[in-house]
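Subject: Structure for your review

Dear colleague,

Please find below the structure that I am handing over to you.

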Amino acid sequence: MYKRICKFLNISLVFVIVVCSFKIINTDYKIEAYTIPDLLRVGLNTIEDSYSLSSDSGLSYGYYEGGSYKELGTVAKNTTIYIRKDAYFYNGTNLPVMYTSESSVPAGKNKYGPFRIQIGGDYGSFEDAKKAVSDISSKYKVVCYTALSGGKWKVCTGDYTSASNAESAITNLKKTDDKNTYSVIKQSSSALVIQDTSYNTLLYFEPGDKKFTVKPSEADLPLIKLGTKYYRGYLEFRRFSGRDITVINTLGFDEYLYGVLPTEVSAGWNLSEVFKAQAVTARNFAYVNYRASKHSEYDFNVCSTSCCQNYGGYSSEYKVTSDAVNATKGELLLYKGSPASIYYSASNGGYTEATQNVWSATIDYYKTAPDEYDPKDYMLYTMTAAEASDTLKAKGHDVGDLQSIEIISRSESGRVLEMKITGTKGSKTITKSSTRGAFGLRNQMFSVRTDTVYTMIDGELTDTVLGYLNGSKYETVFIDDGTYTLQKIPTDGIEKHNGYYYEKVVIKNQNDKIYFDVYGNGHGVGMSQLGAKKMAELGKTYKEIMSFYYPGTTIG
């Protein structure tokens, strides 16, 4: 009886910084006129049914229409308001809480619904409606507010939970005032409701072409607190079809970069040349995404996630990284006179990678080449075969119960170019960056092994068994239970590409463990942030760093 010990190399994967679908830009290299815009519209990674806002300077709320801002109301310094969608809510501790069933509302909570009563007719302007609110409140002691509905300004009262409750309230209102007309306004999928912390409605707003906006009241205190984070500039609140409230932060281009750098590189490194290199790459990345209009469907230029770049607003800013943005103001990385499409990752595993080996298009200034400065950041992923089967299915690769994983080809760097997975429902071949995505891994630079235990035929390690396992003879150790542990199976025992094997792992049952050994943290295209850190520690300038990682480019 034998236990075969197979030597294997720990081969890592790289974290993919950019998560949403890739669109490789700027492959024709035509010189273009470019201008960095003054303002950038950033879609925040928070799509909620309600928000809280305040500011040390106080707030102004209103809307933009045709490039002009119209103020509808103000909020005192350090006073909170709520913005929620038109739906069913109750009074929460720090925020309105939406509910779908009245039975789920805790005892003692007040309920607010999407039905309101219009008092009187429509008004020609907000000012006219606002004056009517004052007159009706004073004369009839009715709590009411201005409302924009169907493109018309109105006076409304109430946040009723049903149309019948609103109709009952109309009966009572007529006892006090039988001269006005009353009608029920039903729920709107586009409307916003603005309330104070006592849940009094300040404004009901169906935007239409108008963009509901909140600004700081004072220019010298230009910050808005949204939830627990602070933001420069101003915030728009939008309702898009099938979504909760989308928040768009409009601010200066470099102010946006202030909030990007500390989320993409550690301010604690305190290496100004790294920060400058990151500032230029971040500016390029933002500009190219701005130019590509990748989020035009939702009326913003970039998002706040790794799909574009991680952005944390003013709350994420550090002076040392903001200084790097200022020190490189206006600088972009150019290739043949045009802004380059910039990609970077935390660690490339010791090898930069060509774009065509990760995605599809070829970009001349991205090459497969050794990186002596990268620390080859390592991570081990462990999962059972059953977990791997479930992950494959969730990622759109349902081959049933996983039976084998075969690495068919790799790039010069060792990244997997082609992988075949086989299960009880058949086989599927997966290529390039999709190979790491199939198992939820951080990169396609990985090797795979398993702890599968096989029973020997007649207690002997025969050539037939070795052939079945796609292996070759190694030193063996006797054990007493008639089994041996298979840790890695090189197809032919011959090393390929810097110590990597073209390997195949055979899985015996769904409880077997599978190990993915990886180096790096990112897609490996372009600058390695950890490599740039090492270069800066060795005295390299940010221009030398960028020349190393983006050969053939210039800073302009």
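In this message, two residues are in contact when heavy atoms of theirs lie within 4.5 Å. Please note that this is a predicted model, in which local features need pLDDT of at least 70 and side-chain atom pairs count only at pLDDT 80 or more, while totals for chains, interfaces and linings use all residues. Residues are numbered from 1 along each chain as its sequence is written, and side-chain values use heavy atoms, with hydrogens and water left out.

Setting aside neighbours within four places in sequence, Phe237 has contacts with Tyr51, Leu53, Ile83, Leu192, Phe212, Val214, Leu226, Ile245, Thr246 and Val247. Phe237 also belongs to the largest nonpolar core, which has 81 residues. Leu53, Phe212, Phe237 and Tyr256 are the residues with the most contacts inside this core. Helix H4 gives the most to it, with ten residues. Apart from this core lies another, of 23 residues, including Ala438, Phe439, Val448 and Phe516. A nonpolar core here is a set of buried Ala, Val, Leu, Ile, Met, Phe, Trp, Tyr and Cys residues joined through side-chain atoms within 4.5 Å. Buried means under 20% relative accessible area, exposed over 50%, and partly exposed in between (1.4 Å probe, protein chains only).

For the chain as a whole, 54% of the 556 residues are buried. The secondary structure comprises ten helices and 38 strands; these are DSSP runs numbered from the N terminus (helices H or I, at least four residues; strands E, at least two). Of the contacts between residues at least 6 apart in sequence, 71% join residues at least 24 apart.

Helix packing

Helix H3 (residues 253-264) packs against helix H4 (residues 272-292) at an angle of about 120°, with the axes 10 Å apart. Axes are lines fitted to C-alpha atoms, for helices over the stretch in contact, and angles run from 0 to 180 degrees between N-to-C directions. H3 and H4 are therefore oblique to each other (under 35 degrees counts as roughly parallel, over 145 as roughly antiparallel, 65 to 115 as roughly perpendicular, and the rest as oblique). On the H3 side, the contact involves Phe253, Asp254, Tyr256, Leu257, Val260, Leu261 and Glu264; on the H4 side, Phe275, Gln278, Ala279, Ala282, Arg283, Ala286 and Tyr287 take part.

Asp254, Leu257, Tyr258, Leu261 and Pro262 of H3 touch Thr321, Ser322, Ala324, Val325 and Asn326 of H5.

H4 in turn packs against helix H9 (residues 529-537) at about 140°, with the axes 8 Å apart. Glu273, Val274 and Gln278 of H4 form this contact with Gln529, Ala532, Lys533 and Ala536 of H9.

A buried loop residue

Ser55 sits in the loop between strand S3 (50-54) and strand S4 (59-65). Is Ser55 buried or exposed? Ser55 is buried, with a relative accessible area of 2%. Not counting residues up to four places away in sequence, Ser55 touches Lys77, Asn78, Pro216, Leu221 and Leu223. Ser55 and Glu218 are 163 residues apart in sequence and 9.5 Å apart in space, C-alpha to C-alpha.

Yours sincerely
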